[in-house]
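Biologist: I would like to go through this structure with you. Could you take me through the fold and its packing?

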Amino acid sequence: MGAGKAKGAEEFVPAGADLDTLRAASCGCHGCELYHDATQTVFGEGPADASVFVVGEQPGDREDIEGHPFVGPAGRLLDKALEEVGIDRDTVYVTNAVKHFKFEERGKRRIHKTPGRTEVVACTPWLTAELDAIHPELVVCLGAVAAKAVLGPSFKVSEERGNVVFSDDYRVVATVHPSAVLRAPDRDAAYKGFVEDLRAVRAAMDAG
Ligand code: URA
Ligand code: SF4
């Protein structure tokens, strides 16, 4: 299947299903070519009554192997930052815009490749089904891929980060991706900015 020819996840998503049914069905998704080289589908996790719904980009190397979202270095940074603003990771639903790991092999290493718009669009039916099942109060987008998946391709994280914005159905706060914090030349400053954006999430939760 060539780039741009993804048929999309739609036909694999059971209508009106609960989270467990969706998760089970997602294991068989062939909505784009990414299932082919990845180890497994990494579906979202967290309580079905979560009021906060966090969206990342796609599983990384660790997540692909373990089958759970945000369990690698980016996940540890996310957990720490959430804790710092008083949000317990266990109360939050955490998922990704794209459910399979996209990578390039370099020797023995698998190097993350940013998913393209085609893959994001192909995978969106899963994200929509998760949102429909959970009905969160607040959606938190980590990085540009997540933000564009939720708010549309013209959304700019650099201009809107930390602001409460509205999608059709949800209040949304977008911020940078924790992996970008880990890669930043000034990691302390980048981490501070990330925590500050999450404080806006906390404030929006408290405001109800
Ligand atoms: N980065 C993401 O965007 N999601 C994960 O699950 C892990 C790393
Ligand atoms: Fe399906 Fe998404 Fe995986 Fe593509 S990335 S095969 S659309 S679950």
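Biologist: Which domain does UniProt place at residues 43-199?
Modeller: The UniProt record, an unreviewed entry, places the feature "domain: Uracil-DNA glycosylase-like" there. Please note that this is a predicted model.

Biologist: How much helix and strand is there over residues 43-199?
Modeller: Over that stretch the chain is 43% helix and 19% strand. Its end C-alpha atoms are 26 Å apart.

Biologist: In which sense do strand 6 and strand 7 pair?
Modeller: They pair in the antiparallel sense over 3 bridges, strand 7 being residues 171-175. Within this pairing, valine 165 has valine 172 in strand 7 as its bridge partner.

Biologist: And what do strand 3 and strand 4 form?
Modeller: They form a hairpin with 2 residues between them, and glycine 107 in the turn has a positive phi of about 60°. Strand 3 (residues 103-106) and strand 4 (residues 109-112) are antiparallel, with 4 bridges. Glutamate 105 has arginine 110 in strand 4 as its bridge partner.

Biologist: Now the helices. At what angle do helix 1 and helix 4 pack?
Modeller: Helix 1 (residues 19-26) and helix 4 (residues 117-134) pack at about 165°, and their axes are 10 Å apart.

Biologist: Why are they called roughly antiparallel?
Modeller: Angles over 145 degrees count as roughly antiparallel, and helix 1 and helix 4 therefore fall under that description. Their crossing is left-handed.

Biologist: Which residues meet there?
Modeller: From helix 1 there are Leu19, Leu22, Ala25 and Ser26, which meet Trp126, Ala129, Glu130, Ala133 and Ile134 in helix 4. By type, the residues of this contact are 7 nonpolar, 1 polar and 1 charged.

Biologist: How do helix 4 and helix 5 cross?
Modeller: Their axes come within 10 Å and cross at roughly 60°. Helix 4 and helix 5 are therefore oblique to each other, and the crossing is right-handed. Arg117, Val120 and Leu127 in helix 4 meet Val145, Lys148, Ala149 and Val150 in helix 5. This contact comprises 5 nonpolar, no polar and 2 charged residues.

Biologist: A follow-up on valine 150: what is in contact with it, its neighbours within four places in sequence aside?
Modeller: Val55, Leu127, Val139, Cys141, Ser167 and Val172 are in contact with valine 150. Valine 150 itself lies in helix 5 (residues 144-151). One of those contacts, Val172, is also the bridge partner of valine 165.

Biologist: How far is valine 150 from threonine 128?
Modeller: Their C-alpha atoms are 9.0 Å apart in space, while in sequence the two are 22 residues apart.

Biologist: Last topic: helix 3 and helix 8. At what angle do they pack?
Modeller: Helix 3 (residues 73-84) and helix 8 (residues 187-207) pack at about 55°, with axes 9 Å apart. They are therefore oblique to each other, in a right-handed crossing.

Biologist: Which residues meet in that pair?
Modeller: Leu77, Leu78, Lys80, Ala81, Leu82 and Glu84 in helix 3 meet Tyr191, Phe194, Val195, Leu198 and Arg199 in helix 8. They divide into 8 nonpolar, no polar and 3 charged.

Conventions
Residues are numbered from 1 along each chain as its sequence is written. Chains are lettered from A and ligands numbered from 1 in the order in which they are written. This is a predicted model: local features need pLDDT of at least 70, side-chain atom pairs count only at pLDDT 80 or more; totals for chains, interfaces and linings use all residues. Side-chain values use heavy atoms; hydrogens and water are left out. UniProt positions are given in the numbering used here, feature names are shortened, and annotations may be inferred rather than shown by experiment. Axes are lines fitted to C-alpha atoms, for helices over the stretch in contact, and angles run from 0 to 180 degrees between N-to-C directions. Angles under 35 degrees count as roughly parallel, over 145 as roughly antiparallel, 65 to 115 as roughly perpendicular and the rest as oblique. A crossing is left-handed if the near helix is turned anticlockwise from the far one by less than a right angle, and right-handed if clockwise. Contact means heavy atoms within 4.5 Å. Ala, Val, Leu, Ile, Met, Phe, Trp, Tyr, Cys and Pro count as nonpolar, Asp, Glu, Lys and Arg as charged, and the others, Gly among them, as polar. Two strands pair if DSSP finds at least two bridges between them.
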